[in-house]
Amino acid sequence: MAAGAGAPAGAGAAMTWGGGGTEPVRGASEPDVETIAGELLDQALAERRALVQLCLYALDRARSSGVVERIEEGLSAIGVTALRPDGERFDPSVHEAGGVVPTDDVTLDGLVAETEVVGFADRGRTLRAPIVIVYTAR
């Protein structure tokens, strides 16, 4: 069969779906589609970042433990995890020291006693370092 024989007019042109309908739009080039897709992805990622930041803002102000728990569950479902390093070795590259508490137990020296402000990571990338209280030997 010859090219175009039995095919609708313009069948040789690139086809994309447009207008929200089910009919293809003829004549749109592949680079146009890639550009639009890239712009939509950039927009979606920017909106996701804004929503995550809004959730962190709301968490800092939430008075109900149930609300805090629900927001953290929602964030976790999209890959944003809470960082509570209680009992871990203090690491200034990933933790922020908010204070110290003296201890006579030398095995606790340098460990995180408690988390003052919960930190968050987005798929392993730190969004906010946890602020922690660190044990120090007397």
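What pattern does the chain follow, read along the sequence? The pattern is β-β-α-α-β-β-β-β-β-β. The chain holds two helices and eight strands. Helices (H or I, at least four residues) and strands (E, at least two) are DSSP runs, numbered from the N terminus.

The model is predicted: local features need pLDDT of at least 70, side-chain atom pairs count only at pLDDT 80 or more, and totals for chains, interfaces and linings use all residues. Residues are numbered from 1 along each chain as its sequence is written, and side-chain values use heavy atoms, with hydrogens and water left out.

Of the 138 residues in the chain, 19% are buried. Buried means under 20% relative accessible area, exposed over 50%, and partly exposed in between (1.4 Å probe, protein chains only). Contact means heavy atoms within 4.5 Å. Among contacts with a separation of 6 or more, 53% come from residues 24 or more positions apart.

V52, L56 and L59 are buried in α1. An α-helix has 3.6 residues a turn, so residues three or four places apart point the same way. The buried residues of α1 pack against α2, β3, β6 and β7.

Two strands pair if DSSP finds at least two bridges between them. Three bridges join β6 (residues 119-122) to β7 in the antiparallel sense. D122 stands opposite R125 in β7.

The largest nonpolar core has eight residues: V52, L56, L59, I71, L75, V80, V118 and F120. A nonpolar core is a set of buried Ala, Val, Leu, Ile, Met, Phe, Trp, Tyr and Cys residues joined through side-chain atoms within 4.5 Å. Helices α1 and α2 (65-77) each supply at least two residues of this core. The largest share, three residues, comes from α1. Leaving aside neighbours within four places in sequence, L59 is in contact with V68, I71, E72, L75 and F120.

A second open sheet of three strands has the order β4-β8-β5, with mixed pairing. Strands β4 and β5 stand at the edges, each with a single partner strand, so one side of each is left without a neighbour in the sheet. Strands β4 (residues 96-103) and β8 (residues 131-137) pair in the parallel sense over seven bridges. A97 stands opposite V132 in β8. Strand β5 (residues 112-117) pairs with β8 in the antiparallel sense over four bridges. The bridge partner of V112 in β8 is V134.

T115 is found in strand β5 and stands opposite V132 in β8. T115 is buried, because its relative accessible area is 16%. The side chains of T115 and D86 are joined by a polar contact of 2.4 Å. A polar contact is a pair of N or O atoms within 3.5 Å; within protein, one must be able to donate a hydrogen and the other to accept it, and residues adjacent in sequence count only if both atoms are side-chain atoms. Not counting residues up to four places away in sequence, T115 touches L83, R84, P85, D86, P130, I131 and V132.

H95 lies in the loop between β3 and β4. H95 is buried, with a relative accessible area of 9%. Residues touched by H95 are P85, E88, R89, F90, V112, P130 and V132, not counting those up to four places away in sequence.
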